Amino acid sequence: MTRKVLVLEDEANIRSFVVINLKRAGYDAIEAGTGEEALARIQQNPDIQVALLDIMLPGEMDGFEVCRRIRAGNSQMGIIMLTARTQEMDKVSGLMTGADDYVTKPFSPAELTARVDALFRRTGGGAMRDADEIEQPPFLLNTRNRTLEKNGKRVKLTQVEYSIVKLFMENPGKALSREEILKAVWGTEFLGELKIVDVNIRRLRIKLEDDPQNPSYVITVWGFGYRWEM
Ligand code: CA
């Protein structure tokens, strides 16, 4: 499931900076340049979970008014105010009742995405994600669609390969014996056929690793099995 973030900011260069960094962090950014536009986007995308609201905006509405109107119709959405100057801070703290957090410009991409991540966890986005997605950058496994993405790009897997990756991603850092992998993926009737594990791991490495000869995700544990390194 996509994680939608509304970005309300009238300055195009700041907005694209924010959007680029959110996309890089795996979010789906919905853009708006005015308060009116922001409210329209929210109507079109009721699944927006977090909104970043600039305060000083052209048009009738400022960011506080947008925040107030969002809250009037939706108490679940996470709201972060983007404040330009320290003078705005007093005003923000006075009006923080509606917002969850604020970030003062200029902010670093890391700071921004950390705040958005935290808010997603708090608003339940994290929990919803956990139910059908396992995210271990650069990988994102969707257990509902049985799909895997690496850096946002779909990796085509067979059902067996998918099952191995799922087992790995559910057990990051844990050494799994070949028997264990065989039993979990193929079932007990295949016991003794350990070679098929190795064959599939070899294929998986070609699909997943940057350099299959020097794997950095699927690590061999000599004389035992494999470990998913995250
Ligand atoms: Ca502004």
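Is Asp10 buried, partly exposed or exposed? Asp10 is partly exposed, with a relative accessible area of 29%. On this scale, buried means under 20% relative accessible area, exposed means over 50%, and partly exposed lies in between (1.4 Å probe, protein chains only). The model is predicted; local features need pLDDT of at least 70, side-chain atom pairs count only at pLDDT 80 or more, and totals for chains, interfaces and linings use all residues. Residues are numbered from 1 along each chain as its sequence is written, and side-chain values use heavy atoms, with hydrogens and water left out.

Asp10 belongs to the calcium site. The protein donors of the calcium ion are Asp10 (OD), Asp54 (OD) and Met56 (O). They lie 2.2 to 2.3 Å from the ion. Donors are N, O and S atoms within 2.8 Å of the metal (3.2 Å for Na, K and Ca); water is not among the atoms, so sites may look incomplete. Along the chain, the calcium donors follow the spacing D-x43-D-x1-M. Asp10 and Met56 link distant parts of the chain, 46 residues apart. Asp10 lies in the loop between β1 (4-8) and α1 (12-24). Met56 lies in the loop between β3 (48-54) and α3 (63-73). Helices (H or I, at least four residues) and strands (E, at least two) are DSSP runs, numbered from the N terminus.

An open sheet of 3 strands has the order β10-β12-β11. Its pairing is antiparallel. Two strands pair if DSSP finds at least two bridges between them. β10 (175-177) and β11 (218-221) stand at the edges, each with a single partner strand, so one side of each has no neighbour in the sheet. Neighbouring strands of this sheet are turned by 35 degrees against each other on average, direction ignored. Between β10 and β12 (residues 225-228) there are 3 bridges, and the two strands run antiparallel. Leu176 stands opposite Tyr226 in β12.

Helices also pack on this sheet. Helix α7 (residues 159-170) touches β10, β11 and β12. Its direction makes about 65 degrees with that of β12. Helix α9 (residues 194-208) lies across β11 and β12, at about 30 degrees to β12. Contact means heavy atoms within 4.5 Å. Axes are lines fitted to C-alpha atoms, for helices over the stretch in contact, and angles run from 0 to 180 degrees between N-to-C directions.

Aromatic pairs were counted next. Rings of Phe, Tyr and Trp (its six-membered ring) pair if their centres lie within 6.5 Å; planes under 30 degrees apart count as stacked, over 60 as edge-to-face and the rest as tilted. By this rule the count comes to 6 aromatic pairs. The ring centres of Phe139 and Tyr217 are 4.9 Å apart and their planes stand at 80 degrees, so this pair is edge-to-face. The pair links distant parts of the chain, 78 residues apart. Phe139 is in strand β7 (residues 139-142), and Tyr217 is in the loop between α9 and β11. Phe139 counts as buried because its relative accessibility is 1%. Tyr217, at 12%, also counts as buried. Phe139 forms a tilted aromatic pair with Trp228, at 5.3 Å centre to centre and 50 degrees between the planes. Phe139 lies in β7 and Trp228 in β12, so the pair ties together parts that are 89 residues apart in sequence. Both Phe139 and Trp228 are buried. Phe139, Phe168, Tyr217 and Trp228 form one aromatic cluster.

Arg3 is placed over two rings. Its charged end sits over the ring of Tyr27, 4.1 Å from the centre. Arg3 also lies over the face of Phe120, at 5.8 Å from the ring centre. A charge sits over a ring if NZ of Lys or CZ of Arg is within 6 Å of the ring centre and within 35 degrees of the ring normal.

Most residues other than glycine have a negative phi, and most peptide bonds are trans. The peptide bond from Lys105 to Pro106 is cis, with omega near -5 degrees. Pro106 lies in the loop between β5 (101-104) and α5 (109-122). The bond from Pro137 to Pro138 is also cis, with omega near 5 degrees. Pro138 is in the loop between β6 (133-136) and β7. Arg146 is not a glycine, yet has a positive phi of about 55 degrees.
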